Amino acid sequence: MATNLAIDPELLDHALRVGGEHTKKATVTRALEEFIARREQARILDLIGAVEWDLEFDYKAERSR
């Protein structure tokens, strides 16, 4: 899908240099992939304290069943 965006040229040039991609399209695509991955990883932090651990659970015993 073709999309026209007004992206800061200095920012895009910097991203090209540090990202190692060969094209602007590849640079923007990689940046979006990394943005999505980081946001999805951040959701994991919401689970802290949401799970109760059973300190008596023996996972090794469960594997040998």
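Student: Which residue forms a salt bridge with Glu 21?

Tutor: Arg 30 does, and the closest N and O atoms are 3.3 Å apart. A salt bridge here is a side-chain nitrogen of Lys or Arg within 4 Å of a carboxyl oxygen of Asp or Glu. Keep in mind that this is a predicted model, where local features need pLDDT of at least 70, side-chain atom pairs count only at pLDDT 80 or more, and totals for chains, interfaces and linings use all residues. Residues are numbered from 1 along each chain as its sequence is written, and side-chain values use heavy atoms, with hydrogens and water left out.

Student: Why can side chains pair like that?

Tutor: Opposite charges can pair up when the charged atoms of the side chains come close.

Student: How many salt bridges does a search of the whole structure find?

Tutor: Two. Glu 33 also bridges to Arg 30, with the closest N and O atoms 3.8 Å apart, so Glu 21, Arg 30 and Glu 33 are linked in a network.

Student: Where do Glu 33 and Arg 30 lie?

Tutor: Both are in helix H2, three residues apart, about one turn of the helix. Helices are DSSP runs of H or I with at least four residues, numbered from the N terminus.

Student: Are Arg 30, Glu 21 and Glu 33 buried, partly exposed or exposed?

Tutor: Arg 30 is partly exposed at 40% relative accessible area, Glu 21 is partly exposed at 23%, and Glu 33 is partly exposed at 47%. The cut-offs are under 20% for buried, over 50% for exposed and partly exposed in between, using a 1.4 Å probe and protein chains only.

Student: Switching topic: what is Thr 27 in contact with?

Tutor: Leaving aside neighbours within four places in sequence, Thr 27 is in contact (heavy atoms within 4.5 Å) with Leu 12, Ala 15, Leu 16 and Glu 21. Thr 27 sits in helix H2 and counts as buried because its relative accessible area is 7%.

Student: And where is Trp 53?

Tutor: In the loop between helix H2 (24–44) and helix H3 (59–63). Trp 53 is exposed, at 75% relative accessibility.

Student: What happens at the start of helix H1?

Tutor: H1 covers residues 9–19, and at its start a side-chain oxygen of Asp 8 reaches to within 3.0 Å of the backbone nitrogen of Glu 10.

Student: Which residue just after H1 takes a positive phi?

Tutor: Gly 20, with a phi of about 80 degrees.

Definitions and conventions:
Helix = DSSP H or I, 4+ residues; strand = E, 2+ residues; numbered from the N terminus. Polar contact = N/O pair within 3.5 Å; in protein donor to acceptor, adjacent residues only side chain to side chain.
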